[in-house]
Amino acid sequence: MSCIEGRTQPFSSAAVLTGHSFRIRTVRCAAIRRLTLLIDDDGLGFCAGVQDAGADPFCERRSDRRFSVCRQILGGCFRFESTSEALLDLVEAAYAGLPPHQLMMGTPEFRIELRLLPRQLSPSAAEPPPMRVQSGAGLLCGVMDASNYVVLAPEQRRALVVASEDMLSHRYHLRYELIEFAVFTLATRGLGLVPLHGACVGREGRGILLLGASGSGKSTLALHSLLQGLDFLAEDAVFVQPESMLATGVANYLHVQADALCLIDDDATRRWINQAPIIRRRSGVEKFEADLRLGHGRLAAAPLELVGAVFVSAQSADDPDVLLSVIPPDEIAARLSADQAYASGQPGWHRFEQRMMQQGVHLLRRGRHPRDSANALRQLLD
């Protein structure tokens, strides 16, 4: 059974794909959640509490009620398994209704097991501790504390995500720092992708990569590009296949600060964002987390072929009618490496860097209004 055919979801969804337009309306279903019940499997079992810790110290005994959700993400087929519907609800909140991007002829399968542990005795009242990462023996680990961590085996395309019941009150951190961490890392290693901190928009299958420091305005530019009719690929993380320069991402949420609302002319769009939940980043910055799958603009229906990149600058242009300037070819490699410290050390970076130098990179300064910057991107896509 293919990943798309085999997926089941606890939502009632209606999606229409027309050309490059992908719109989805998602309505939570109050009826029984239609998840696949796994009767027999060779994976690890799950337990919320161990009645006899001496007999089963590693929680290896299989549960007879495990559920599975399958989603096609970043060109891979991800199967999430758990006994906890609360954890699978978070998976669906993150990945249901996304366009099923495909990067190669086959669609490799990845498996992520999610385990919910009992509430901690002394939970942190404010926010979870920061993630610490480590590697060894072919494993990658991200650890918040003894009850909240991720263990990944990239060569086996498998991961174990463990979370305590306390983390269910920190849904953003649980989804973003544990579940998404596992998905992104497995996809990067398993599909040979270059992971970039940036955004991407495009048109007719062609994409522009948006780079720049945090706070430079990438999210605001991505939003106004969406409002100006460009296809939206990703806002915070872009994954590139270096040989083909095909870019993919997860177009689920857009994160916008409150002061950006005054720059939005459309009343419906302002209401959509203003009614979205507010998340708080580790830096302390608070942003609206607006769901892009509710029909505001077009999501890229397939991976976009990158035709260039721009560094988004917070500096205003000297001439508001000339926002783009070419970065000299001999400066591109240094600029890219400085902006992408993690990606520049990954396999495939050198080839990605070469292709970017061939295609050209621009600097984009601010104009009178973000729509002017979005229109400047259109010039690069023509």
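**Figure 1. Glutamate 177 and its salt bridge to arginine 282 in the predicted model.** At 13% relative accessibility, glutamate 177 counts as buried (buried means under 20% relative accessible area, exposed over 50%, and partly exposed in between, with a 1.4 Å probe and protein chains only). Its side chain meets that of arginine 282 in a salt bridge with an N to O distance of 2.8 Å; a salt bridge is defined as a side-chain nitrogen of Lys or Arg within 4 Å of a carboxyl oxygen of Asp or Glu. The two residues are 105 residues apart: glutamate 177 belongs to helix H3 (residues 171–191), while arginine 282 is in the loop between strand E18 (278–280) and E19. Helices (H or I, at least four residues) and strands (E, at least two) are DSSP runs, numbered from the N terminus. Arginine 282 is partly exposed, its relative accessible area being 31%. A network of salt bridges links Glu127, Glu177, Arg280 and Arg282. The structure holds 16 salt bridges.

This is a predicted model, in which local features need pLDDT of at least 70 and side-chain atom pairs count only at pLDDT 80 or more, whereas totals for chains, interfaces and linings use all residues. Residues are numbered from 1 along each chain as its sequence is written, and side-chain values use heavy atoms, with hydrogens and water left out.

**Figure 2. The salt bridge between arginine 298 and aspartate 231.** The closest N and O atoms of arginine 298 and aspartate 231 are 2.7 Å apart. Arginine 298 lies in strand E20 (residues 298–299) and aspartate 231 in strand E14 (residues 231–234), so the pair ties together parts that are 67 residues apart in sequence. Aspartate 231 is buried, at a relative accessible area of 1%, whereas arginine 298 is partly exposed at 27%.

**Figure 3. The salt bridge between glutamate 243 and arginine 351.** These side chains meet at 3.5 Å, N to O. Glutamate 243 occupies the loop between strand E15 (237–241) and strand E16 (246–249), and arginine 351 is in helix H7 (residues 349–359), 108 residues apart. Glutamate 243 is exposed, with a relative accessible area of 53%; arginine 351 is partly exposed, with 27%.

**Figure 4. The buried face of helix H5.** Within H5 (residues 267–274), Thr269, Trp272 and Ile273 are buried. Seen down the helix axis, the buried residues of H5 fall within an arc of 90°, so they line one face of the helix; the arc is that of the directions from the helix axis to the C-beta atoms. Helix H4 (218–227), strand E17 (253–256) and strand E19 (286–291) are among the elements that cover these buried residues.

Terms used. Contact means heavy atoms within 4.5 Å.
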